[in-house]
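Hello, and thanks for taking a look at this one with me. Below are a few numbered points to read alongside the structure.

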Amino acid sequence: MQIRDLPYVDPGLPDVRSGPRFLLWLGRRQRGGQLRALSWGLLHFVSVMVLPYGVGRAVQAVVDRSGSSLALAGAMLAVAAVCIALGDTMLHRTAVTNWITAAARVQQLLIRKTSELGSLLTRRVAAGEVVAVSTGDVEKIGWFVEAVSRFLAAALTLVVVCVGLVIYQPALGVVVAVGVPLLALGVLPLLPRATELADVQREKAGRATELASDTVAGLRVLRGIGGEELFLKRYRRASQEVRTAAVRSARMWSAITAVQVLLPGLLLISVVWYGLGLVADGRIAVGELVTVYSAVMVLSYPLRHFEEIAMAYSFSRPSARRAARVLSLERIAATKTTGAGDGTLTGDLYDPATGLLAPAGALTAVVCGDPDAAGRLAERLGGHPAEPEGLPSALLGGVALDEQPLEAARTAVLVQDKDPVLLSGTLAELLDVPASGSVAADRALAAAESGDVLDALAQASLDNDPMAAPITERGRSLSGGQRQRLALARSLVTDPEVLVLDEPTSAVDSHTEARIADGLRNLRSGRTTVVFTSSPLLLDRAEQVVLVHEGKVAAVGVHRQLLSSEPRYRAVVTRETDAEQQLVGAQRGAPEAVFTKADTDDIEETA
Amino acid sequence: MIGLAPPDYDPAALRTATTLPVGTPATVRAYVGELLRRHRRAFVILIAVNTVAVVASMAGPWLLGSLVEKAADGARDLHLERTAALFAGALVVQAFFVRLVRLRGAMLGERMLADLREDFLVRSVGLPPGVLERAGTGDLLSRITTDVDRLANAMREAVPQLTIGVFWIVLLLGGLTVSAPQLAPAVLVAVPLLVAGCRWYFKRAPSAYRSEAAGYAAVAAVLAESVDAGRTVESHRLGGRRVALSDRRIKEWTAWERYTLYLRSVLFPVINLTHATVLTSVLMIGGVFVLQGWIGIGQLTTGALIAQMMVDPVNLILRWYDELQVAQVSLARLVGVREIEPEAGDDRVRPDGRDVRADEVHFGYREGVDVLHRVTMDVPPGTRLALVGPSGAGKSTLGRLLAGIYAPRTGHVTLGAAELSRMPAERVREHVALVNQEHHVFVGSLRDNLLLARSSAKDAELWAALGAVDADGWARALEDGLDAEVGSGGLALSPAQAQQIALARLVLADPHTLVLDEATSLLDPRAARHLERSLSRVLDGRTVVAIAHRLHTAHDADVIAVVENGRISELGSHDELVAAAGAYAALWRSWHG
């Protein structure tokens, strides 16, 4: 697999029984890449170890006063240099390719799992957990998978060097061969504590970042009412805690660095001590001593990979475990799907649990005193609720939606919940959703009264085209009312057989809401639409209004009729409670409002 | 290796104009200068301990060199014990000081990083409210998270490591010059290769790494959004498109990975060959010098070993120079916030009375495009004024002018005859508060969330404020009471509870004039009903300007102003406007039947 061939057409079916198994699975998928990295790594490390030999040969040549030997040593160094450069570059290329392909594969698996689970995902695991896998864990997993082949190359090289030294200069070679394993393992006992401290530091840094972004997110509140000093003081404290934790962690790492200097240094002293004795006895040449000394100096390079692989594994193990957990989630159907999903779902929409009937082709408004119950009812109307309550499935044209394949049910009925999310991208991309094709974007936008949103977007875009204007994540750059209208336009573009809207205009002002109600009725004429609302402006324009009270349909009629005949309906729609009705009704029968006037004589008429 | 052009699509390119300024090179330089001066002492200490460590590290090659010299001369007495003792002493000194270098470097880096992020937040919380309203907090937020993160590595590692690396190289060259002065020029043979390679690389690398990082962030962003919007994705059947989008982002990101890999494929051989060239030229040139009798064999050995030691500092410098380049952009974005002039305001401007007036006000967000035209109105103390009108008519803008957040382009907005826009923000908010849909609950204790409105308040006052907004019921039921941790990650509060906290803050802050902008619009009807009761208690006796979404809000106001196309088209009480049979009357009939 080359980087340019990414993404994978099919990232495969991972082994997610545990973290280590997942790592193993990832490694197996790129066996070829690992082998290539190993081979280039061997070339690189072995050539690096040739350098000391060349140095020793050169010094010996000078001792022997031989110009030709010196030239030979030079040629040897030159060849080694080319091999080092080639090996290093190719090792880096193959290792990075392994890293990237592993990371891309995990990202692809994650997005596929996320799309498959949809609304279910965040009910099973925290959203932060999934995002953490994508932002932090993938890198660590990739790092370990990539480091394996580099480590193997380094370890093999060390074996080769020790064996080579023993053969080249047995007396000194044995000293080195005994010393190297000690060097390799020397710092390992310190690593767990060091990674632990690094984790503490990261955690504190995360906390400080969270405080800072929280303060900035609420900055308008702070600037409007005060308290900046309070929050600054709090952030300074958190920031200094990060600093203290970081220094504590650095203390540990600096101790490791000291050990990394000390241990090879001790080996060097032993080599020199022992070697000079041999030189003095005439058993080895000066050049050979220099070779061994130089080799011990260079050894620290492959040795570092022991430390790295230990760290990579300790960092990536929790990451792999988390990734495996997220990827092992499955969508379990509450009921068996029996329908083949080939027939077109159409007809009246009926909910047996409440008795709610939305006739085909009509605009039905549903009034429900309890917004949570309304939300659950709306979700049930679309079939396959994320958390089944054990209630019978909604029926569309007599067919149980829960028993239809998910895709078929979602195609037939679109439920727009209370908090529809605007996905980032241009407006054109936002409105490019799977749709019937018979409602154009401009018609939907007009029906949702989005004229002023388009104006605002056109100003923000680079070329004054609102359709090309970027919408930020969750539509945060727009007001609540603007967001609602774009979400409504998106649902209208989809043009489903049945459209269920839950409080689609709660953040829109009355002027605009009235026009949206007209636009909605016109655009959806002849199509089945169900709107959960308590706004008189919408209710007034519905062909049929249903009052759902305590889980059952309590009344069916039209707005004006229900307003006069049904006190429970009036209570919800005009926001009166019984007690208030008695109180306020005595005054002038006005709806309860922001300005509750204790004394109407206080009114000053100013103009 | 065939050359590779950078990918066409650049994820780091800005899609929209940044809302806040980015620092100019001059401001960035000035800031860096200030930072260096502030930490001069720490730099000096770092350089000093580094010097000791490097000098000690050269003891080995030097001792070996002199031993080789003697051995080659056939000397029998090599003073082995003394040499070994010296060697061991130098090693202990080296290990001790290397540890200090690493620790001192981290301490310096951490201190600079802490300074930087705290400086940034101090600046941010001092921004004029008008700038925040206009720019939003998104840009600021990405600076405090992404940019601070990117700088963390640069400050924590790059600056100290580069300092170490540069002095390290200089000391090694010095050591070489002292022990074998004739060999020093041999090192220079490799310099042209290194300089040419690095120039080529560093011209391309920083922006490429920026794009690569942005590309990777975009992959993660698609996933984060898909997770967050799970329900929307499912109901709109967007799953397939999200997968396709993610795959496209992966393609864009990996194209940059491939490009930076190509850049390194050029740099790596250059560095490797540089090291080899240095070593070989020292050995060959030095070898010839020894054969000619110009230097001793010990000097050659020492020189070769020192040349070998140069690998580490050169790698160190190259590795962190990259990081520093990437960090520069982030630094410019952080420092840019310092360029926004804090609106000092005139401390002498004090309101005399509570009368709010707008006089011939024109206002626009952009040059030449006015949103409000000739708005004149008078809001006597204690009046309840409702602003109604279609979206985009200018209601919210008018509300923000009346709250002193924006200054009118022409005309005056005054409180007690004093111009609001000339007062410092801290003075304005003693008198006027703007309440909008944003009911931010800060991460922290419930107490902190209330104290921000009046830092001197006692617990009893906090409870009284909660009681005034009907929130003491649930608040007293909390296990930790005022110490309960709320906000993201803490106890989850309902939107209604969040709004009650916002109202309790108002009770504590006690401004006499309130501007309410759609304050309850995002709540469901049942919650809104409860809140409006609490709200009415808070509003009692104050001047209120309410931007009304719901007509029943307007109904009970003393005065209703209908705003259309930036002008006040109707003004009067509910009954007057209904009698006038204008736009308001038509809407009212449709609402109330």
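Which domains does the domain assignment of chain B give?

1. The assignment gives three entries: domain 1 (22-180 + 328-342), domain 2 (182-294) and domain 3 (356-592). Please keep in mind as you read that this is a predicted model. Domain 1 of chain B is written as two segments, 22-180 and 328-342.

2. On confidence, chain B has an average pLDDT of 85, and 95% of its residues score at least 70. For the complex, the predictor reports an ipTM of 0.86 along with a pTM of 0.82.

3. Now to how two of the domains meet. Taken over C-alpha atoms, the centres of domain 1 and domain 3 of chain B are 51 Å apart. Five residues of domain 1 of chain B and five residues of domain 3 of chain B make up the contact. On the domain 1 side, the residues that touch domain 3 of chain B comprise two nonpolar, one polar and two charged.

4. Five bridges tie β1(B) to strand β2 (residues 372-379) of chain B, and the two run antiparallel. Within this pairing, Arg357(B) has Asp378(B) of β2(B) as its bridge partner. β1(B) also pairs with strand β4 (residues 410-415) of chain B, again over five bridges and in the antiparallel sense.

5. Next comes an open sheet of six strands in chain B, ordered β6-β9-β10-β3-β11-β12, with mixed pairing. Why is one side of β6 (432-435) and of β12 (567-572) of chain B left without a neighbour in the sheet? These two strands stand at the edges and have a single partner strand each, so one side of each has no neighbour there. From one strand to the next, the twist averages 15°.

6. Inside that order, strand β3 (residues 384-388) and strand β10 (residues 543-547) of chain B pair in the parallel sense through four bridges. Leu385(B) stands opposite Val545(B), a residue of β10(B). Helix α13 (residues 395-402) of chain B packs on the sheet and touches β3, β6, β9 (513-517), β10 and β11 (559-564) of chain B. The direction of helix α13 of chain B makes about 155° with that of β10(B).

How values were computed. Residues are numbered from 1 along each chain as its sequence is written. Chains are lettered from A and ligands numbered from 1 in the order in which they are written. This is a predicted model: local features need pLDDT of at least 70, side-chain atom pairs count only at pLDDT 80 or more; totals for chains, interfaces and linings use all residues. Two strands pair if DSSP finds at least two bridges between them. Domain bounds come from an automatic or database domain assignment. Two residues are in contact if their C-beta atoms, placed from the backbone, lie within 7 Å. Ala, Val, Leu, Ile, Met, Phe, Trp, Tyr, Cys and Pro count as nonpolar, Asp, Glu, Lys and Arg as charged, and the others, Gly among them, as polar. Axes are lines fitted to C-alpha atoms, for helices over the stretch in contact, and angles run from 0 to 180 degrees between N-to-C directions. pLDDT is the predictor's confidence in each residue, from 0 to 100.
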